[in-house]
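Subject: Handing over the model

Hi,

Here is the structure I promised to pass on to you.

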Amino acid sequence: MQTARGENRIELLGRVVERPVLSHQNHGVDYYKMPLAVPRLSGTEDVLDLVLSRWQLERWALLPDQWIRGWGEVRSYNNKSGVGS
């Protein structure tokens, strides 16, 4: 996948670990967290937490052990409280 320099894009292919669970709400939209196991070339897996809107979940039935490919953005959160990671 080619993108312009500076774009925040990611493509993942992985296995759904657990069903999505409600994470938070923002501007009246429900967001769900779902772990995705992404294999490395070495055979080990990284488990990444995906955040999906209710709208996205209504489009696809995501079940444990199902393989999916998806595109999105990498987001992070700066915790300035000093508590937790």
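Residues are numbered from 1 along each chain as its sequence is written, and side-chain values use heavy atoms, with hydrogens and water left out.

Confidence first. pLDDT is the predictor's confidence in each residue, from 0 to 100; its mean over the protein chain is 88, and 91% of the residues reach 70 or more. Helices (H or I, at least four residues) and strands (E, at least two) are DSSP runs, numbered from the N terminus. Where pLDDT is low, the predicted coordinates should not be read in detail.

The largest nonpolar core is made of 11 residues: L12, V16, Y32, M34, L36, V38, L50, L52, L57, L62 and I68. Two or more of them come from each of β1 (10–16), β3 (29–39) and β4 (45–53), and β3 gives the most, with four residues. A core here is a set of buried Ala, Val, Leu, Ile, Met, Phe, Trp, Tyr and Cys residues joined through side-chain atoms within 4.5 Å. Buried means under 20% relative accessible area, exposed over 50%, and partly exposed in between (1.4 Å probe, protein chains only).

The C-alpha atoms of L48 and L36 are 5.2 Å apart, although 12 residues separate the two along the chain.

Which side chains make polar contacts with the side chain of D30? One is that of Q25, at 2.8 Å, and another is that of R54, also at 2.8 Å. A polar contact is a pair of N or O atoms within 3.5 Å; within protein, one must be able to donate a hydrogen and the other to accept it, and residues adjacent in sequence count only if both atoms are side-chain atoms. S53, in β4, is buried at 11% relative accessible area and touches V29, D30 and Y31, with residues up to four places away not counted.

Two backbone angles are worth a look. H27, in the loop between β2 and β3, has a positive phi of about 55° although it is not a glycine; H27 is exposed, at 77%. D65, in the loop between α1 and β5, is not a glycine either and has a positive phi of about 75°; D65 is exposed, at 54% relative accessibility.

Happy to go through any of this with you.

Best wishes

Technical notes. This is a predicted model: local features need pLDDT of at least 70, side-chain atom pairs count only at pLDDT 80 or more; totals for chains, interfaces and linings use all residues. Contact means heavy atoms within 4.5 Å.
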